[in-house]
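This report describes the fold of one protein, shown below.

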Amino acid sequence: MKKDNIVQIKSYAFAIRIVNVYKHLSEQKKEFILSKQLLRSGTSIGANIEEAIGAQTDKDFYAKMTIAYKETRETQYWIRLLTDTNFLTIEQNESLIKDIEELLKIIGSIQKTLRGSIASTHNL
């Protein structure tokens, strides 16, 4: 893993956090349905970023980053829902949401930069 690829590093670190939150929710809180959704979307962010890094074209890279952005938004939803149903504490929520917002900003910035590049290259 490159040391300077911040979105790759942060999405991987976030995936580790999500796996640990899932373990906590399933083992301690005995919550299995919502936490599984959180696990799927939260780990999918980094997986899609990894796929984007290996993309063959700018359009493919952009498409994978768009999926990563959508998965980040979905993860935000599950975190809010788990908090509002008292499976996550406010403190857990705030920490996870802070990471989510940072990922959304980074991924959104990448998309915005690339969108202009793709549009001018492909006359979109």
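Of the 124 residues of the protein, 38% count as buried, where buried means under 20% relative accessible area, exposed means over 50%, and partly exposed lies in between (1.4 Å probe, protein chains only). The model is predicted, so local features need pLDDT of at least 70 and side-chain atom pairs count only at pLDDT 80 or more, while totals for chains, interfaces and linings use all residues. Residues are numbered from 1 along each chain as its sequence is written, and side-chain values use heavy atoms, with hydrogens and water left out.

**Overall fold**

The protein has four helices and zero strands, in the order α-α-α-α along the sequence. Helices (H or I, at least four residues) and strands (E, at least two) are DSSP runs, numbered from the N terminus. The C-alpha trace spans about 50 × 25 × 20 Å along its principal axes. Among contacts with a separation of 6 or more, 68% join residues 24 or more positions apart; contact means heavy atoms within 4.5 Å.

**Helix pairs**

Two packed helices are described by the angle between their axes and the distance between the axes. Axes are lines fitted to C-alpha atoms, for helices over the stretch in contact, and angles run from 0 to 180 degrees between N-to-C directions.

Helix α1 covers residues 6-27 and helix α2 covers residues 33-53; their axes come within 9 Å and cross at roughly 160°. That makes α1 roughly antiparallel to α2, a term for angles over 145 degrees. The crossing of α1 and α2 is left-handed, meaning that the near helix is turned anticlockwise from the far one by less than a right angle. Residues of α1 that take part include Phe 14, Ile 18 and Tyr 22, and those of α2 include Leu 38, Gly 42 and Ile 49.

The axes of α2 and α3 come within 8 Å and also cross at roughly 160°. This pair is therefore roughly antiparallel too, and α2 passes α3 in a left-handed crossing. The table gives the make-up of both contacts by class.

| Contact | Nonpolar | Polar | Charged |
|---|---|---|---|
| α1 with α2 | 13 residues | six residues | two residues |

**The core**

In soluble globular proteins, nonpolar side chains tend to be buried together. A nonpolar core is a set of buried Ala, Val, Leu, Ile, Met, Phe, Trp, Tyr and Cys residues joined through side-chain atoms within 4.5 Å. The largest such core has 25 residues, and those touching the most other members include Phe 14, Ile 49, Leu 88 and Ile 107. Helices α1, α2, α3 (58-84) and α4 (90-122) each supply at least two residues of this core, with the largest share, seven residues, coming from α4. Beyond its neighbours within four places in sequence, Leu 88 is in contact with Val 21, Leu 25, Ile 79, Leu 82, Thr 83 and Leu 96.

**Single residues**

Most residues other than glycine have a negative phi. Lys 30, in the loop between α1 and α2, has a positive phi of about 55° and is exposed, with a relative accessible area of 56%. Asn 86, in the loop between α3 and α4, has a positive phi of about 65° and counts as exposed at 63% relative accessibility.

Ala 63 belongs to helix α3 and is partly exposed, at a relative accessible area of 36%.

How values were computed. Angles under 35 degrees count as roughly parallel, over 145 as roughly antiparallel, 65 to 115 as roughly perpendicular and the rest as oblique. Ala, Val, Leu, Ile, Met, Phe, Trp, Tyr, Cys and Pro count as nonpolar, Asp, Glu, Lys and Arg as charged, and the others, Gly among them, as polar.
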